[in-house]
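Thank you all for coming. I would like to walk slowly through two parts of this structure, so please bring the view up on your screens.

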Amino acid sequence: MAEQSDVFGVELRRLRTAAGLSLAALAQQVHYSKGYLGKIETGFKQPGVDLARRCDAVLGAGGRLAALVDQPAPASPLAAVAADGDGDGEVWVMSMAPDGSSWMVPMPRRDAIATGAASLLGLTLGTPRAASASAAHDGTLAAFRSLFTEVRKLGQTTSPSVVLPMVTVHTHTLRGMANGAPAPVREQLLGLAARYSEYAGWMAQEAGDDRAAMWWTRNAVEMGAAAGDTEMATYSLIRQALITLYRDDAAGTVDLAQQAQAAPGTSPRVQGLAALREAQGHALACDYDNCRRALDRAAALLARADTADGMVMGSASVSGADLISLVEAWCLHDLGQSREAADVFDRQLSLVPDSAHRTHARFGARRALAYASAGDIDHASALTAKVLDAADLVDSATVRQDLKQLARLLGRERKQASVSEVYPRLNAALRSQLH
């Protein structure tokens, strides 16, 4: 670590001198103290990724400084979860507490059958009990499509623990109906069940359970394939890339997103969403040029996307153009260009419906981070209070990760009145969400 500090400090000093900046001028632009930067340059302090990214942006270093900082190794890949429905496989069973909260837990399939859980709230990839074929008709499909739209709206306003029980039941019901339906309707039912299952994967990730998220996603892929929808398998790569993104695994995120774009027969919308995820991975690696290329590619693809069907893949709370801009702001912050990111977030979040609490919490936390990184602590504190209002409603594990980073940044400025006012609430929110 001492050797790393020395190398980083020498390179930082070289780039700063070449740019004609004094230590005080650089400190003013990156919003760290002159004394702290002096200790970094002399090797007495260990550099962090946040500082490295800011210095990269100010000095035009193209990610060279960030590359000199040791980052935590990416978390180990998620263990494979059996989903083949055999006697020794695994099922996920929904547990419910007396207060109404619920969560998914893995259980050996034999144990689930012995306790009766598999026949009640468990979901496996085995053949469910056949439902009456007469129930599978156009009216039923229309009703479940309408329910899916409403469930996604509900997911924008409340906790995953509220949404997952409904999604679980609807998925299982659709699979049961498909088992007894004639071929044309069977594929439609399975395709819709796959969409429910994929959404359950997103809610599981929002609940902080990556393993369950991947199980639901694989479940969606298998049902989609049975329905003749191979694109669900491609979209699952984008879902996996989101998990690796939140694990700070830039290379893994880019690789998965590029695999999705290379898959044959992929629609422009899914390719565009994959390009957006690739851009986020490049930004995490401080690779500005490749990030910009991926954003431009995403814009071209999403401009060609057909969104007439309300059952679009990905976010339904923002339009394609707005999503591109929000992701661009996300990337700018990771690239150390926080002031520019804050300006884009301001414009775009004003266009998001007030009812989309999850979107406001997710990107609003990033906006508060951008303002804090840009040195506008008072405005960051005011935005944090708004974000906490939304975060309290949606209980998002991904938002919590940004709130933790925000707590670290604001914690350095606790003497400011605006921070002292919001900081106890921020800490309390983080503590309560751990239990």
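Let me begin with Tyr199, which counts as buried because its relative accessibility is 7%, and please keep in mind throughout that this is a predicted model. Tyr199 forms an aromatic pair with Phe148, and the pair is edge-to-face, with 6.1 Å from centre to centre and 80° between the planes. This pair joins distant parts of the chain, since Phe148 sits in helix H8 and Tyr199 in helix H10, 51 residues apart. Phe148 is itself buried, with a relative accessible area of 2%.

Phe148 also has a ring partner in Tyr196: the two centres are 5.0 Å apart and the planes stand at 65°, so this pair is edge-to-face. Tyr196, like Phe148, is buried.

Elsewhere, Tyr246, Trp330, Phe345 and Phe363 are linked by ring pairs into a cluster, and the count of aromatic pairs comes to seven.

Now to the helices. The axes of H13, residues 250-262, and H14, residues 268-284, come within 8 Å and cross at roughly 160°, which means that H13 runs roughly antiparallel to H14. Their crossing is left-handed. Among the residues that make the contact are Ala250, Val254 and Ala257 of H13, together with Ala274, Arg277 and Glu278 of H14. Sorted by class, this contact of H13 with H14 has seven nonpolar, six polar and two charged residues.

Note on methods. Residues numbered from 1 in each chain as written. Predicted model: local features only at pLDDT ≥ 70, side-chain atom pairs only at ≥ 80, totals over all residues. Heavy atoms only, no water. Axes fitted to C-alpha atoms, helices over the stretch in contact; angles between N-to-C directions. Helix = DSSP H or I, 4+ residues; strand = E, 2+ residues; numbered from the N terminus. Parallel < 35°, antiparallel > 145°, perpendicular 65-115°, else oblique. Left-handed = near helix turned anticlockwise from the far one by under 90°. Contact = heavy atoms within 4.5 Å. Nonpolar A, V, L, I, M, F, W, Y, C, P; charged D, E, K, R; others polar. Phe/Tyr/Trp six-rings, centres within 6.5 Å; stacked < 30°, edge-to-face > 60°. Buried < 20%, exposed > 50% of the residue type's maximum accessible area, 1.4 Å probe, protein only.
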